[in-house]
Amino acid sequence: MKVLPAIDLRDGACVQLVGGDYQQERVRWPDPLQAAAHWRALGFTTLHVVDLDAATGRGEHTAVVTALAQSGPVQVGGGLRDEAAIARVLAAGAQRAVVGTRAVQDPDWLLAMAQRFPQRLVLAADVRERRVVGHGWSRELGSLATLLQRAAPLPLGGVLVTAVHREGQEAGTDLPLFADVLAAANAPVFASGGIHSRDELRALAAMGCAGAVLGMSLYTGRLDASVLAQEFAS
């Protein structure tokens with residue numbers, strides 16, 4: 001299993017938000033490219049990049065995303081709501097494009113995009129109490145079980161599930177949730193949300209997760225990045 005450090009882009013910087021709340025920005029590194037170089041220098045091979053401004057309609061970081069994609073392996077999400085946007089990040093060099101809200105709400109679109117970009121899309125679902133949530137986590141979009149069942153036949157490159165009730169709080173993740181996801185998914189599973197110990201990472205690896213996206217616990221130093229890189233970088 002790989003650990004993928006998160007590079008969340010906001011106003012040109014690399015940030016970490018508590019619970020996804022724009023009013024609770026806990027970490028800000030001014031230069032995302034330096035942040036990426038920092039994680040790569042430690043030995044992490046793949047980064048998880050999210051353009052928060054594109055996702056929320058506040059702007060975009062096309063040039064930064066392109067530079068990050070050209071610096072090494074990345075998967076990129078945030079505001080990828082049409083074919084042109086997906087094609088753009090893949091052409092820029094991203095290994096995988098992460099699709100979220102529209103993919104969850106529009107099954108026909110997800111089917112078409114998965115067929116257009118086989119094995120290159122990661123379906124992302126923010127989950128609370130086994131329900132998929134969106135629009136700032138304020139609205140339920142349906143059951144996770146139904147989404148995974150619908151996605152199982154598709155040629156996806158992965159499924160990323162974030163336990164939003166644990167996101168950014170460093171309180172531990174929801175291991176039973178990911179056990180359920182792994183039992184239902186038919187694509188590599190990436191786990192995110194509140195992961196804060198090596199024991200949790202080892203548990204996720206033992207379950208069969210392909211990767212774990214880490215943000216707050218790396219940026220605050222709760223987890224020793226250099227130690228993690230030795231065990232989970234490849």
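**Close-up views of selected residues**

**View 1. Aspartate 180 and its salt-bridge partner, arginine 130.** Aspartate 180 has a relative accessible area of 42% and is therefore partly exposed (buried is under 20%, exposed over 50% and partly exposed in between, with a 1.4 Å probe and protein chains only). This is a predicted model, in which local features need pLDDT of at least 70 and side-chain atom pairs count only at pLDDT 80 or more, while totals for chains, interfaces and linings use all residues. Residues are numbered from 1 along each chain as its sequence is written, and side-chain values use heavy atoms, with hydrogens and water left out. Aspartate 180 forms a salt bridge with arginine 130, their closest N and O atoms being 3.0 Å apart (a side-chain nitrogen of Lys or Arg within 4 Å of a carboxyl oxygen of Asp or Glu).

View 2. Salt bridges that share partners join Arg198, Asp199, Arg202 and Glu231 into one network.

**View 3. The surroundings of histidine 48.** Histidine 48 has 5% relative accessibility and so counts as buried. Its side chain makes a polar contact with the side chain of glutamine 75 at 2.9 Å (a pair of N or O atoms within 3.5 Å; within protein, one must be able to donate a hydrogen and the other to accept it, and residues adjacent in sequence count only if both atoms are side-chain atoms).

Terms used
Contact = heavy atoms within 4.5 Å. Lists of a residue's contacts leave out its neighbours within four places in sequence.
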